[in-house]
Each structure stands twice: as C-alpha cells, then as structure tokens.
Amino acid sequence: MDGTEHLSVRREGATLVLTLNRPEARNALSLPMLVGLYDGWLAADADDTVRSVVLTGAGGAFCAGMDLKALADGEMAGQEYRDRLAADPDLHWKAMLRHHRPRKPVVAAVEGPCVAGGTEILQGTDIRVAGQSATFGLFEVRRGLFPIGGSTVRLPRQIPRTHALEMLLTGRPYSAREAADVGLVGHVVPDGTALEEALAVAERINACGPLAVEAVKASVYETADLSEAEGLAAELKRGWPVFDTADAKEGARAFAEKRPPVYRRA
C-alpha cells in the first residue's frame, strides 16, 4: 500500500486500523500520508472481511493539520506520490473524507491535538472517541486562511450552528470536554485509552450483520438533506432488501437458538 512510511496499517480482527504515523510532526498531513489514507479507505471497502475501520494517530497526537511546507517544497514525497496526485487531482480530498465516504463504519480515536485539517478529517468519520487531554479546533481564520476541507458545510450540520460558527470564526482551541458538550465527539476517556475504546466500539459494530450495518450507515447519510417524507421513502428502499438476506434469517435464528449469529454477508 502506498504511503505506508507515513501511515501504518494493521488488522485487529475484523477492524482495519489506520494510524497517522508522523509523530515528530504531530502527524501533520503529508502527500505520502494522504496517498496511504486514500488507499486505506479503498482497501477497507474492497475487503469483505473488514467490517469497520479505526483511524488514529501515533505518538500521542491525532493530526495537527496539513504540512503546508512539506507539500509546497515537495519534501517527503517521491515521484510516485506526485504521479498519483497528478493522475487524480481529487485524491487529497478523498483521503480527507471530503469527497469520499467509506462504505464501512469509521471510528476515530483521538489523543492530543486534532486541529485544523485534523478536525476536518474528523468530520468525515462516523463515531468519535477522545482522550481527555485531546484538543480540537479550526485555526485557519487566525492565519488568514479558509477551512476548505468541508468544515463550513459539515460542521453546522453536525453540531448546533452557534457552536459551529464560534469554532469557525474565532479559531480558538476546544478541549475534549467542550467538544463532547457541543456534540463533535461522542466519548471522552482517560488519556491513552482512546484507541482501546474505539476498538471496543468497532468490535460491537463487527458483531452485527455487516449488510445491515452498511445499509443503515448509507441511509443515514443519504437521507440527511431530504424532507422527512422523502427520507422515509428512501429508507424503505435501503431497508427492505436487508430483510431478504440470509444474514437477516441467521440473526433471527440465532436469537431463537440463544447463540451468537454467524453472518456471511449473504
């Protein structure tokens, strides 16, 4: 997989763990990391044995945003990475989950700084766990920049508008507890345990029917901007086919027989 020197990839059972791996730079985004991330999303969706993805960072940091100097100077980016970007100019947006939505659920495990581009990637994940000392924020306006990774669109849809505007317009840092209070993250845990908790959440997802999980995730996002009537109609189109699967029958049978279900994506 490309970009593995800046992104480590491993399996934990049915979970694919993607780790941003530039701790010396607080996991700031480099071109090799972005290539690796995009390849990771594609690999997870292409492998039916993967039921969830956990995204985290190495060295007590999640992501300090884009490494603008490295990208501008072409540092740490061999010709193969520049060729990938030239072949797909949208690749960096797909890597950051701006123009790509993985089919499998993505759980974020955040320790330390998760700011600027880190907070923007976070908004593309589905479930978020933070260590109690984690920090969040969109600092772009403080530098005369624009948070172009999707935050002016996504953040007001994910947290109350007044909180979204304060985060966007002041560029101030937010603690993990503040982030949880406004709804940006769902869990705050002791420092050093975010990955453990994220893997536990992923394992609970993995125990469910994968076709049902993927259909539920798709329905939530597909219906987000529809009227209630349109959303309910779209939900039926996603939901009814799930009941006709062998996995649905296995779930009911396992319940009746008081045993764990064995799902086969069928």
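**Close-up views of a predicted model**

Arg 172 is partly exposed, with a relative accessible area of 26%. The structure shown in these views is a predicted model.

**View A. Arg 172 and Glu 178 form a salt bridge.** The closest N and O atoms of this pair are 3.2 Å apart. Glu 178, the partner of Arg 172, has a relative accessible area of 28%.

**View B. Lys 94 is joined to Asp 88 by a salt bridge.** The closest N and O atoms of Asp 88 and Lys 94 lie 2.9 Å apart. Is Lys 94 buried or exposed? Lys 94 is buried, because its relative accessibility is 19% and buried means under 20%.

**View C. Arg 204 and Glu 197 meet through their side chains.** The contact is a salt bridge, with an N to O distance of 3.6 Å. Glu 197 has a relative accessible area of 23% and is partly exposed.

**View D. Salt bridges link Asp 48, Arg 103, Glu 214 and Arg 265 in a network.** How many salt bridges does the structure hold? The total for the structure is 18.

**View E. Helix α6 crosses helix α7.** Helix α6 covers residues 151-158, and helix α7 covers residues 161-170. Two packed helices are described by the distance between their axes and by the angle between those axes. For α6 and α7, the axes come within 7 Å and cross at roughly 145°. The crossing of α6 past α7 is right-handed. Which residues of the two helices meet? On the α6 side they are Ser 151, Thr 152, Leu 155 and Pro 156, and on the α7 side they are Ala 164, Met 167 and Leu 168. Five of the residues in this contact are nonpolar and two are polar, while no charged residue takes part.

**View F. The whole chain, for orientation, contains 12 helices and nine strands.** The radius of gyration of the chain is 19 Å, close to the 18 Å from the globule rule for 266 residues, so the chain is as compact as a globular protein of that length. Along the principal axes, the C-alpha atoms fill a box of roughly 60 × 40 × 40 Å. Of the 266 residues in the chain, 48% are buried. Among contacts between residues at least 6 apart in sequence, 68% join residues at least 24 apart.

Terms used. Residues numbered from 1 in each chain as written. Predicted model: local features only at pLDDT ≥ 70, side-chain atom pairs only at ≥ 80, totals over all residues. Heavy atoms only, no water. Salt bridge = Lys/Arg side-chain N within 4 Å of Asp/Glu carboxyl O. Buried < 20%, exposed > 50% of the residue type's maximum accessible area, 1.4 Å probe, protein only. Axes fitted to C-alpha atoms, helices over the stretch in contact; angles between N-to-C directions. Helix = DSSP H or I, 4+ residues; strand = E, 2+ residues; numbered from the N terminus. Left-handed = near helix turned anticlockwise from the far one by under 90°. Contact = heavy atoms within 4.5 Å. Nonpolar A, V, L, I, M, F, W, Y, C, P; charged D, E, K, R; others polar. Rg over C-alpha atoms; globule rule 2.2 N^0.38 Å.
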